[in-house]
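Here are some quick notes on this one, as numbered points. Have a look at the model first, then read on.

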Amino acid sequence: MNETRRLFLLSALAGLAGTASLAFAPALAGAALPIRSATEVLRAVAAAQPALSYHAAGPDDGRPIVLVRSRGDSTEGHIETASLLAAQGYQVLLPNLRESDAATLGQDLLAFIDSLHIPEAVFIGTGQGAQAVRAAASHRRTRFIGLVLADGGAAPTAGATIGLATGATPQQIADAAITLARQAKWRT
């Protein structure tokens with residue numbers, strides 16, 4: 001076997017080994033959303049932030065909605081909201097944030113949407129995730145089509161915002177996000 005062919009076969013085997021290890025990445029990252037394709041596996045581990053993974057639901061060409069939850073909340077608790085939004089044609093992204101203060105998490109959210117080349121999105125924040133969304137919106141308001149804050153706290157006055165009680169149902173949260181997405185003037 002010539003040297004070029006041997007190197008090609010070794011490269012192909014290394015690529016296959018890397019792909020196989022990606023199949024386990026969501027389990028290692030605590031993923032809870034069902035992964036239906038290899039593309040979704042890659043999306044679950046492709047965020048640019050160190051140790052920041054995310055889950056995606058819905059079509060890639062759908063209007064983006066970023067669902068930000070409290071650090072201690074399980075992803076399973078937000079699957080219903082994500083499923084309701086994905087069924088309406090929205091691309092739903094659920095980042096797994098690191099443990100930090102709200103200002104740092106706000107910067108992480110902006111870096112997250114930058115890394116995915118998302119110019120603007122509707123953001124949903126629940127619990128501590130709402131604080132992160134508020135912080136990010138205060139840094140760069142133009143990146144936010146609207147905010148749904150499901151934490152019972154005071155909503156920011158600038159921009160389209162819907163405040164919900166802490167115990168809001170997945171349907172209420174999804175309906176609020178859909179309302180903002182439909183009423184918004186998307187630049188892209």
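1. Let's start with H78, which touches L67, R69, D73, L94 and T126, leaving aside residues up to four places away in sequence; contact here means heavy atoms within 4.5 Å. This is a predicted model, where local features need pLDDT of at least 70 and side-chain atom pairs count only at pLDDT 80 or more, while totals for chains, interfaces and linings use all residues. Residues are numbered from 1 along each chain as its sequence is written, and side-chain values use heavy atoms, with hydrogens and water left out.

2. Is H78 buried or exposed? H78 has 9% relative accessibility, so it counts as buried (under 20% relative accessible area; 1.4 Å probe, protein chains only). H78 sits in the loop between strand 2 and helix 4. Helices (H or I, at least four residues) and strands (E, at least two) are DSSP runs, numbered from the N terminus.

3. Now the sheet: six strands, open, in the order 1-3-2-4-5-6 with mixed pairing (two strands pair if DSSP finds at least two bridges between them). Strand 1 (53-57) and strand 6 (161-164) are at the edges with a single partner strand each, so one side of each has no neighbour in the sheet.

4. Strand 4 (residues 121-126) and strand 5 (residues 144-150) run parallel, joined by six bridges. T126, one of the H78 contacts, stands opposite A150 in strand 5.

5. As for helices, helix 4 (residues 79-87) packs on the sheet and touches strand 1, strand 2 (64-68), strand 3 (91-96) and strand 4. Helix 7 (residues 170-183) also packs on the sheet, touching strand 2, strand 4, strand 5 and strand 6.

Conventions: Axes are lines fitted to C-alpha atoms, for helices over the stretch in contact, and angles run from 0 to 180 degrees between N-to-C directions. Buried means under 20% relative accessible area, exposed over 50%, partly exposed in between (1.4 Å probe, protein chains only).
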